[in-house]
Amino acid sequence: MSDDPLDAAASGPAPCRIVVCRDCCCGSGKVTGVDHAAQTERLRAAGPVRISACLDVCDQANVIVVQPSAEGRAAGARPVWLGLVNDPAATEDVVSWVREGGPGVAPRPEILDLYVFSPLARRRPDPS
């Protein structure tokens with residue numbers, strides 16, 4: 001059996017997934033001191049990663065959204081938005097949580113509470 005999370009997804013219920021914003025601010029030189037490629041690869045070691053265009057929360061760059069697995073969704077979990085994930089230690093905390101099952105399956109490490117935000121409270125007003 002493979003240790004590749006994508007192989008596991010093909011043979012079982014949908015795993016916890018990670019969305020990484022990599023557009024105008026997140027993943028760019030605007031956020032200095034972060035090896036964005038290394039961060040993305042580290043997250044890929046934990047589970048399936050989707051690279052997203054701008055999630056419209058640039059004041060929170062680098063943004064990572066941890067989506068619950070099928071089991072987590074069945075338990076009522078919702079996606080968890082994490083902002084300002086600009087430190088390798090924070091990335092490791094995300095990786096550990098995802099490997100343990102993520103939202104609805106494993107308790108979120110208290111340290112990640114420092115990064116959690118609500119995207120609805122951060123949306124720009126509609127210009128119309």
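**Close-up views of a predicted model**

**View 1. Strands S1 and S2 side by side.** Strand S1 (residues 17-21) and strand S2 (residues 49-52) run parallel and are joined by 4 bridges, where two strands pair if DSSP finds at least two bridges between them. Cys21 stands opposite Ser52 in S2. Together with helix H2 (residues 36-44), S1 and S2 make a right-handed β-α-β unit; right-handed here says that, with the strands pointing away from the viewer, the path from the first strand over the helix to the second runs clockwise. Helices (H or I, at least four residues) and strands (E, at least two) are DSSP runs, numbered from the N terminus.

The model is predicted, so local features need pLDDT of at least 70 and side-chain atom pairs count only at pLDDT 80 or more, while totals for chains, interfaces and linings use all residues. Residues are numbered from 1 along each chain as its sequence is written, and side-chain values use heavy atoms, with hydrogens and water left out.

View 2. Trp81 is buried, with a relative accessible area of 15%, and Phe117 is buried at 10%, buried being under 20% relative accessible area, exposed over 50% and partly exposed in between (1.4 Å probe, protein chains only).
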